[in-house]
Amino acid sequence: MTKTKKIAVVLSGCGVYDGAEIHEAVCSMLAIAEAGAEYELFAPDIDQHHVINHLNGSEMPEKRNVLVEAARIARGNIKALSQLEVGQADALLLPGGFGAAKNLSSFAFDGADCSIEPQTERVVRSFHQAAKPIAALCIAPVVVAKILGNVEVTIGSDKATAAAIETMGGQHTTTDHGQVVTDTKNKLITTPCYMLDATLPQIAAGARAAVTALLNLIP
């Protein structure tokens, strides 16, 4: 009997401007399920960097928790990232959204000099050291590049972000909608999604391509 492949998905909140990009997260979850694999959702149990009004883009004078907000996408079925151990899943997937650059890291504010949220760094390093594949969508590749350094990734075609990746020791490859870059040596899959001006079908195609490539790297 073939073992069902299991993907740990790390969310960074709920909403593009201060958390996980919802379309990318849901399309990834759907792609995993449609491929006959399983997913389990995790998020760091920390305060968001800030809260953004998604109607007008203004910062709101309140605090929210990344795990609590991510539970909206998960319909409550989510665990703290501190509970994720490498033996629990065959691969790791990080959707994008500004939460990756504000909550999982400080890239949105510090660029190449950014820091990484400790549980995020622990999990990415543990999966990489165990030679288990990792996928990162949209802006999330910068998190992996900061942690691992010498990796090949894509965030699409944004020159400033690509330059920051190179400064962190990575290699950037320009891509278009639905394209993925596979760093075979590091078992790393990346795709641009909303780092490009994209439609929802294009996001779904990118997520599906990334998930397919990710599952193909699982023995």
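Strand β1 (residues 6-10) and strand β2 (residues 38-43) run parallel, joined by five bridges. Strands here are DSSP E runs of at least two residues, helices are H or I runs of at least four, and both are numbered from the N terminus. Lys6 has Glu38 as its bridge partner in β2. The model is predicted: local features need pLDDT of at least 70, side-chain atom pairs count only at pLDDT 80 or more, and totals for chains, interfaces and linings use all residues. Residues are numbered from 1 along each chain as its sequence is written, and side-chain values use heavy atoms, with hydrogens and water left out.

β1 and β2 belong to an open sheet of seven strands. The order is β5-β2-β1-β6-β7-β11-β10, and the pairing is mixed. Two strands pair if DSSP finds at least two bridges between them. β5 (79-80) and β10 (181-183) each have a single partner strand, so one side of each lacks a neighbour in the sheet.

Now the helices. Helix α2 (residues 66-74) lies across β2 and β5, at about 155 degrees to β2. Helix α5 (residues 118-129) packs on the sheet, touching β6 (91-94) and β7 (134-137). Its direction makes about 140 degrees with that of β6. Contact means heavy atoms within 4.5 Å. Angles run from 0 to 180 degrees between N-to-C directions, with axes fitted to C-alpha atoms, for helices over the stretch in contact.

Helix α6 (residues 141-148) is mostly covered, with seven of its eight residues buried. Buried means under 20% relative accessible area, exposed over 50%, partly exposed in between (1.4 Å probe, protein chains only). Among the buried residues are Val142, Val143 and Val144.

Most residues other than glycine have a negative phi. Arg75 is not a glycine, yet its phi is positive, about 55 degrees. Arg75 sits in the loop between α2 and β5 and is exposed, at 81% relative accessible area. Cys138 also is not a glycine and has a positive phi, about 60 degrees. Cys138 lies in the loop between β7 and α6. Cys138 is buried, at 6%.
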